[in-house]
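Open your viewer and have the selection tool ready. This tour goes stop by stop, from a helix contact to the sheets.

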Amino acid sequence: MISRRETGETPEALARLTHYLIIKSIVDVLFVGVFAVGFYYTAFSPYLRGWLDDASLRGVSGWAVNSADARSPVEVQLYIDGRFVESRLAEFPRPDLVAAGATEDERHGFYFFLPPLEEGEHEARVYAVHASGAGKRRTLQQLGNPFRFRLEATPAEPFFRGWLDEANAVSVRGWVVSREDLRARVEVQLYIDGRLVETRVADQPRRDLVESGIPEGEYGFFFFTPPLPPGEHEARVYAVHQSADANGRTLRLVGRPARFTIPQ
Amino acid sequence: MSVEELERESPPGAKAAEMDAEQASQPSEALQSSQSLQSSEATQTVGSRTLALWEIASVTLSFLIIAWVVLPFAENSKLVGGIPLLFALALMFLSHRARGEGAREIGWRFDNFVRALRLLLLPMLAAAALVVLVGWLNRSFRLSKLQEWQWVVWLPVWGLIQQYALQGFINRRAQIVCGRGWPSTLVVASIFALLHLPNPWLTAATFAGGLIWASVYQRVPNLPALALSHGLMSLMLVWALPPTALKSLRIGFKYFG
């Protein structure tokens, strides 16, 4: 063992060494602290603001803005039940943000269609992506709070686009188009109050859809409402999706359920 | 008698033991005074050992901060990584001064260079043979990295810094804590391996290397010889082992990146 006598240490020298060690410990802690704070402010932008407004069968919507660079749209990522779904830019028009004074430019909204989900409880989280370190590092900052929602039917998106326009005492009508093949005729099923009423193919001409950016074609469906007792009823139209895997045929809700009343 | 022979014949601590023995053979009055002196000495020795432990922990922590905090999160800025290294080097320098250690004593010398190399030769040849065997079995020999001359030149320089910190400082402090021989050698090798976590191959290699270098340093303290050996062994590892196994010699948090 190297002893004090050999090294020529004196109590004063050891006391001095103790001071050096204390100083270095403090400096180490300060360095790591300053580094951690610096890293936090580099990796997580304090200028990102936004909120997750809604998550439901209709989709997931909200807004995000980078106050430091309000003209550039923020990249946002949707996670459902902890799994990544999609990444896109928050550039949807949201005039209400300007009205509320949250932003100067209205194009800071985002909207995601829901992915295929099982019926039941789900949780949506939306994160704003912040790039730092010359783009080498990307960090996610959660917008608002996680949004819990319940699905009672699987939405038509992303396989179909469509909407249930109207349901009343006479008819149920709307339109649906396959995203994979615009020429494909989609099979649709009408359910009223949870019971299958009729199966048809959406093949009615709907020229009005051209204005919405959908190529001209025959995508409409029309059902006559069956005889129903007076009172409140709910109509749902499902597109039949034939998947390649073992799941086979699944019903995917077109638009949202529509409520209507049969008068006395 | 050369300095090395003197060191071998009279290892550090022997003088202290002789003095303690002399004090123990004094008459009873002197014995009492000697006992109180020994007690005071013991207290100060405990203080010195505790300080040595603290010094080891402090320098090890600086290297851990570099590997686990700075390099992975500072966009690879070597400059920021240099700050904790600078703190560690400053502490080592001041500690050497406080403990009265000279450069020659620490191992900054060339008079025993060949003797140190002679001691290193056999274990290095054995390790090299093992590395070549692994490389041959995996057919993983590659020269691409070795063609980057800046990297090749940097290796022994970085090896020298590491060997200075590890042997010139930690090894010497470990000897204050647990004496010369296997215990302190094991401490040095374990710390060297700890600093290379979580890279499994590198951790194993540095533990083995740490044992050899620490043991050689305790017999013949010569840092340039150890740095040369360190650099050569690193080159051998990069040349022979599969890059997937070494993960580009990444350690700390960057290993996962």
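Which residues in α2(A) meet α4(B)? From α2(A), select Ala13(A), Leu14(A), Arg16(A), Leu17(A), Tyr20(A), Lys24(A), Val27(A), Asp28(A) and Phe31(A). They meet Ile83(B), Pro84(B), Phe87(B), Leu91(B), Leu94(B), Ser95(B) and Ala98(B) in α4(B). Contact here means C-beta atoms, placed from the backbone, within 7 Å.

Some ground rules. This is a predicted model, where local features need pLDDT of at least 70, side-chain atom pairs count only at pLDDT 80 or more, and totals for chains, interfaces and linings use all residues. Residues are numbered from 1 along each chain as its sequence is written, while chains are lettered from A and ligands numbered from 1 in the order in which they are written. Helices (H or I, at least four residues) and strands (E, at least two) are DSSP runs, numbered from the N terminus.

**Stop 1: the helix pair**

Stay with helix α2 (residues 11-43) of chain A. It packs against α4(B) at an angle of about 175 degrees, with the axes 9 Å apart. Axes are lines fitted to C-alpha atoms, for helices over the stretch in contact, and angles run from 0 to 180 degrees between N-to-C directions. That makes α2(A) roughly antiparallel to α4(B) (the term covers angles over 145 degrees). By class, this contact has twelve nonpolar, one polar and three charged residues. Nonpolar means Ala, Val, Leu, Ile, Met, Phe, Trp, Tyr, Cys and Pro; charged means Asp, Glu, Lys and Arg; the others, Gly among them, are polar.

**Stop 2**

Among contacts in chain B between residues at least 6 apart in sequence, 74% join residues at least 24 apart.

Now select Val59(B), Ala88(B), Ala165(B), Ile170(B), Val188(B), Val216(B) and Leu226(B). These have the most contacts inside the largest nonpolar core, which has 53 residues. Such a core is a set of buried Ala, Val, Leu, Ile, Met, Phe, Trp, Tyr and Cys residues joined through C-beta atoms within 7 Å. Its largest share, twelve residues, comes from α3(B).

Zoom in on Ala165(B). Leaving aside neighbours within four places in sequence, Ala165(B) contacts Val59(B), Ala88(B), Met92(B) and Ile170(B). A second, separate core of 21 residues includes Trp175(A), Phe221(A), Tyr238(A) and Leu253(A).

**Stop 2: two sheets in chain A**

Go to chain A. One open sheet of four strands runs β1-β2-β6-β5, with antiparallel pairing. Strands pair if DSSP finds at least two bridges between them. The edges are β1 (48-56) and β5 (92-93), each pairing on one side only. Two bridges join β5(A) to β6 (residues 107-112) of chain A. Select Pro93(A): its bridge partner in β6(A) is Arg107(A).

The other open sheet has the order β10-β11-β15-β14 in chain A, again antiparallel. Five bridges join β11 (residues 171-178) to β15(A). Arg173(A) stands opposite Phe222(A) in β15(A).

**Last stop: Glu218(A)**

Glu218(A) lies in strand β15 (residues 218-224) of chain A. Beyond its neighbours within four places in sequence, Glu218(A) contacts Asp203(A), Gln204(A) and Pro205(A).

Notes:
Contact = placed C-beta atoms within 7 Å. Buried ≥ 20, exposed ≤ 12 C-beta atoms within 10 Å, placed from the backbone. Parallel < 35°, antiparallel > 145°, perpendicular 65-115°, else oblique.
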